[in-house]
Amino acid sequence: MDVLSARSYPLEKRFAISLARTYIKRSTSSSSNFWRRQLAMLAIPVSFMEGMALNYAFDIDSVQYSRLLDMARNKRLYSLRDLETLTSQPLYKKEEMLFQVQAMFAFWQSKYRSNADIDLMISIVRKPTGFTNAFKKNYGVTLNEAFAAFKEEMESLSIDKHDSKDNDFIDVNYNGNK
């Protein structure tokens, strides 16, 4: 974790991110399972850990939302494979990827199950293999299906907002509903 640049967020948001990371780590197991938890953290993609922390820390703001809509409108949303390369990307691209993953978690919580992300973490700590199988067990759909639903939703929102005659208002409190 700790991939996101701290310089792009004010102190309050950096503190919220830190608290969210602590919440995620503490929710997964007791301190007696420290090594098991550390092994489980290796089984989870870094982008998902960071996106989950951002999702718990604060809502998507208008700048993030606008960038996501622009990315969707121009067919530039990152694939799951692209998101795996998060740590090796330049800062601007890294932030775009994290905005996207944060929005993915917000969408999945509204569409599938609200605590599925923490349950996913707990199931991986118990059995630190098979992220994709644990994802399907906790969300009820495969990772690819969940990603396709997110991508379709973002692209439809970008078209709706772009084609709308009232472009002065964009709903920044994205909750998965149009």
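**Helix packing around α7**

In the predicted model described here, Ala 116, Asp 117, Asp 119, Leu 120, Ser 123 and Ile 124 of α7 meet Phe 131, Ala 134, Phe 135, Lys 137, Asn 138 and Tyr 139 of α8, where contact means heavy atoms within 4.5 Å. Helices (H or I, at least four residues) and strands (E, at least two) are DSSP runs, numbered from the N terminus. By class, the residues of the contact of α7 with α8 divide into seven nonpolar, two polar and three charged; Ala, Val, Leu, Ile, Met, Phe, Trp, Tyr, Cys and Pro count as nonpolar, Asp, Glu, Lys and Arg as charged, and the others, Gly among them, as polar.

Residues are numbered from 1 along each chain as its sequence is written, and side-chain values use heavy atoms, with hydrogens and water left out. Because this is a predicted model, local features need pLDDT of at least 70 and side-chain atom pairs count only at pLDDT 80 or more, whereas totals for chains, interfaces and linings use all residues.

Two packed helices are described by the angle between their axes and the distance between the axes. Helix α7 and helix α8 (residues 131-139) pack at an angle of about 135 degrees, with their axes 9 Å apart, the axes being lines fitted to C-alpha atoms, for helices over the stretch in contact, and the angles running from 0 to 180 degrees between N-to-C directions. This angle makes α7 oblique to α8, since angles under 35 degrees count as roughly parallel, over 145 as roughly antiparallel, 65 to 115 as roughly perpendicular and the rest as oblique. The crossing of α7 and α8 is right-handed, whereas that of α3 and α7 is left-handed; a crossing is left-handed if the near helix is turned anticlockwise from the far one by less than a right angle, and right-handed if clockwise.

The axes of helix α3 (residues 46-57) and α7 come within 11 Å and cross at roughly 140 degrees, which makes α3 oblique to α7. On the α3 side the contact is made by Met 49, Met 52 and Tyr 56, and on the α7 side by Asp 117, Ile 118 and Met 121. This contact of α3 with α7 has five nonpolar residues, no polar residues and one charged residue.

Helix α3 is mostly covered, with ten of its twelve residues buried, among them Phe 48, Met 49, Met 52 and Leu 54; buried means under 20% relative accessible area, exposed over 50%, and partly exposed in between (1.4 Å probe, protein chains only). From its first C-alpha to its last, α3 reaches 16 Å, close to the 16 Å expected at 1.5 Å a residue, the expected span of a helix being 1.5 Å times one less than its number of residues. Helix α6 is likewise mostly covered, with 15 of its 21 residues buried, and its end C-alpha atoms are 30 Å apart, which agrees with the span that its 21 residues should have.

Two loop residues were also examined. Ser 114 is placed in the loop between α6 (91-111) and α7 (116-126) and is partly exposed, with a relative accessible area of 45%. The C-alpha atoms of Ser 114 and Tyr 139 are separated by 9.3 Å, although these residues are 25 residues apart along the chain. Lys 75 lies in the loop between α4 (62-73) and α5 (80-83) and counts as exposed at 59% relative accessibility.

Over the whole chain there are nine helices and zero strands, and 47% of the 178 residues count as buried.
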